[in-house]
Amino acid sequence: MKQLKIAIFCSGGFSTSLIGSKMQKVYDAEGADVKVDAYDFGMVDEVGDDVDVILLAPQIGWAYDQTKEAHPDTQVILLTMQQFGSMDGQVLVDVLKEKGIG
C-alpha cells in the first residue's frame, strides 16, 4: 500500500505547521504510513495533485470550491473552526478516519 499524503493549507502556513506536526505524531504512534505537510495556501496548485488529501483551514474556506475544481482527483476537506481550533492532532486524524481516510 502506498503512503497516504496529506497537505494542510491555511493563509500563512504557521498554525497548520503546528497542527500538521501533531497529526504526524498521531499517525507515527499508530505505525501508519502517512505523511502530513503544511503549506501556505499559495502553494496549493503546486502540491495539490501530488497529495491524496487537501485539508483547508477554516479561514480559507472561501477557496473550497475552486480547490475541488482545480484538483478533481484529490479529496478536499474543509475543516471547521472547532476542529482546526482544537489544535489537537488526534481530533483531525479522527475526522479523516470518519471520512474513511487513513
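**Entry 1: the model**

I am working with a predicted model, so I treat every value here as computed from that prediction.

**Entry 2: two helices that cross**

I began with a pair of helices. Two packed helices are described by the angle between their axes and the distance between the axes, so I looked up both. Helix α1 covers residues 14-30 and helix α5 covers residues 89-98. Their axes come within 8 Å and cross at roughly 70 degrees. Angles of 65 to 115 degrees count as roughly perpendicular, which is why α1 is described as roughly perpendicular to α5. I also noted the hand of the crossing of α1 and α5, and it is right-handed.

Which residues make the contact? From α1 I listed Ile19, Lys22, Met23, Val26, Tyr27 and Glu30. From α5 I listed Gly89, Gln90, Leu92, Val93, Leu96 and Lys97. I then sorted the residues of this contact by type: seven are nonpolar, two are polar and three are charged.

**Entry 3: aromatic rings**

Next I went looking for rings. How many aromatic pairs does a search of the whole structure find? It finds three. A pair of aromatic rings is described by the distance of the centres and the angle of the planes, so I wrote down both for two of the pairs.

Phe9 and Tyr39 are stacked, with 5.5 Å from centre to centre and 25 degrees between the planes. Phe9 sits in strand β1 (residues 4-10) and Tyr39 in strand β2 (residues 34-40). The two are 30 residues apart, and their pair links distant parts of the chain.

Phe9 also pairs with Phe41, this time edge-to-face, at 6.5 Å centre to centre and 85 degrees between the planes. Phe41 lies in the loop between β2 and α2 (44-47), so this pair ties together parts that are 32 residues apart in sequence.

Is Phe9 buried or exposed? Its relative accessibility is 0%, so Phe9 counts as buried. Phe41 is buried too, with a relative accessible area of 11%. To finish this entry, I noted that Phe9, Tyr39, Phe41 and Trp62 form one aromatic cluster.

Last, I checked the backbone at Met87. Its phi is positive, about 50 degrees, although Met87 is not a glycine. I found Met87 in the loop between α4 (81-85) and α5. With a relative accessible area of 21%, Met87 is partly exposed, because buried means under 20% and exposed means over 50%.

Terms used:
Residues are numbered from 1 along each chain as its sequence is written. This is a predicted model: local features need pLDDT of at least 70, side-chain atom pairs count only at pLDDT 80 or more; totals for chains, interfaces and linings use all residues. Side-chain values use heavy atoms; hydrogens and water are left out. Axes are lines fitted to C-alpha atoms, for helices over the stretch in contact, and angles run from 0 to 180 degrees between N-to-C directions. Helices (H or I, at least four residues) and strands (E, at least two) are DSSP runs, numbered from the N terminus. Angles under 35 degrees count as roughly parallel, over 145 as roughly antiparallel, 65 to 115 as roughly perpendicular and the rest as oblique. A crossing is left-handed if the near helix is turned anticlockwise from the far one by less than a right angle, and right-handed if clockwise. Contact means heavy atoms within 4.5 Å. Ala, Val, Leu, Ile, Met, Phe, Trp, Tyr, Cys and Pro count as nonpolar, Asp, Glu, Lys and Arg as charged, and the others, Gly among them, as polar. Rings of Phe, Tyr and Trp (its six-membered ring) pair if their centres lie within 6.5 Å; planes under 30 degrees apart count as stacked, over 60 as edge-to-face and the rest as tilted. Buried means under 20% relative accessible area, exposed over 50%, partly exposed in between (1.4 Å probe, protein chains only).
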